[in-house]
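Me: I am new to this structure. Please walk me through it, and tell me what stands behind each label.

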Amino acid sequence: MPLAGQVVGEGVRLVRPLGRGSHSVVYFAVGPAGQPCAVKIFDPRFASHALREYGNGALLDHPRLARVLAPVRIDGHPALIVTLARGAVLFDRYARRPALTHDRRAFLLTLVHLLDGLGYLHGRGIVHRDVKPENILVEPDGSAKLVDLDLSGPTREAFATPTRMGTAAFQSPEAARGEHLGPESDLYSVGVLLGWGLHGALSGPDLPPPPTSDPLDALLTALTEPDRTRRLGSAAEARETLLRLAALPY
């Protein structure tokens, strides 16, 4: 359906598509005063995802999270007006791999900002549940925002049946089993990204990466511990450990 030029909500004009995910397409848009924003348009089959994202995101306000501004409907599709997250998805931003070899300072800043956003979410009792490269928008200097709260929910949220949340390559073992998820599950995903930054390739519980001489290897081990009760479970502690091991004054 052609949407460019359409005006929605309180004078928000759709300009061009920015990207497409499994549940929605995102448009670049401008507000009535010319301010840039984004509009996330959901497939009607995923109306519950739009409701979840709005319910969990409407009251959040943090510089490392895309803010959910208002719900709208576009040609019968549920949609959300959100703040614009600038940059490229993480894997595209760090095309030279391993990222911690070729672009170390920027990649570390990306991880710090990711942990800042997760710490804020977790402090409000919300788990993101889909931390992956496509949901992390990174600017040239490494500054980053975490987007897409449509799978997020309360810590330890219970479902009627076991429900697998997230994307397989970045799932914690407990997410793959369909268990209730907490902050430590998001941090496992951060560990997978850290491992990718160290090695330039993804690994998993069945194929752990070889140890390296990088001081951040200790943090990788703490974040990807398969036993969730022994895994590092605090975003603030992970951030402090990252800065200490990297010896950077962020």
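Me: Which residues do ring pairs link into a cluster?

Reply: Ring pairs join Phe 91, Tyr 94, Phe 107, Phe 170 and Trp 196 into a cluster. A search of the whole structure finds 4 aromatic pairs. Rings of Phe, Tyr and Trp (its six-membered ring) pair if their centres lie within 6.5 Å. This is a predicted model, where local features need pLDDT of at least 70, side-chain atom pairs count only at pLDDT 80 or more, and totals for chains, interfaces and linings use all residues. Residues are numbered from 1 along each chain as its sequence is written, and side-chain values use heavy atoms, with hydrogens and water left out.

Me: Why is the pair of Phe 91 and Phe 170 called tilted?

Reply: The centres of Phe 91 and Phe 170 are 6.4 Å apart, with 55° between the planes. Planes under 30 degrees apart count as stacked, over 60 as edge-to-face and the rest as tilted, so this pair is tilted.

Me: What does that pair tie together?

Reply: Phe 91 lies in helix H2 (residues 90-93), and Phe 170 in the loop between strand S11 (153-154) and helix H5 (173-176), so the pair ties together parts that are 79 residues apart in sequence. Helices (H or I, at least four residues) and strands (E, at least two) are DSSP runs, numbered from the N terminus.

Me: Why does Phe 170 count as buried, and what is Phe 91 called?

Reply: Buried means under 20% relative accessible area, exposed over 50%, partly exposed in between (1.4 Å probe, protein chains only). Phe 170 has 6%, so Phe 170 is buried. Phe 91 has 21%, so Phe 91 is partly exposed.

Me: What makes Phe 107 and Trp 196 a tilted pair?

Reply: Their rings are 6.0 Å apart, centre to centre, with 50° between the planes. Phe 107 is in helix H4 (residues 104-123) and Trp 196 in helix H6 (residues 183-199), 89 residues apart. Phe 107 and Trp 196 are buried.

Me: How do you know that Arg 97 lies over the face of Phe 91?

Reply: A charge sits over a ring if NZ of Lys or CZ of Arg is within 6 Å of the ring centre and within 35 degrees of the ring normal. Arg 97 is at 5.3 Å from the ring centre of Phe 91. The charged end of Arg 16 sits over the ring of Phe 28, 4.7 Å from its centre.

Me: Why does Ala 99 count as buried?

Reply: Ala 99 has 0% relative accessibility, so Ala 99 is buried. Ala 99 is found in helix H3 (residues 99-102). Leaving aside neighbours within four places in sequence, Ala 99 is in contact (heavy atoms within 4.5 Å) with residues including Tyr 94, Phe 107 and Trp 196.

Me: What makes a nonpolar core, and which residues have the most contacts inside the largest one?

Reply: A nonpolar core is a set of buried Ala, Val, Leu, Ile, Met, Phe, Trp, Tyr and Cys residues joined through side-chain atoms within 4.5 Å. The largest has 42 residues, and Ile 136 and Leu 194 have the most contacts inside it. The largest share of this core, 10 residues, comes from H4. A second, separate core of 14 residues includes Val 12, Leu 14, Val 25 and Ala 29.

Me: Why is Ser 152 called buried?

Reply: The relative accessible area of Ser 152 is 0%, so Ser 152 is buried. Ser 152 lies in the loop between S10 and S11.
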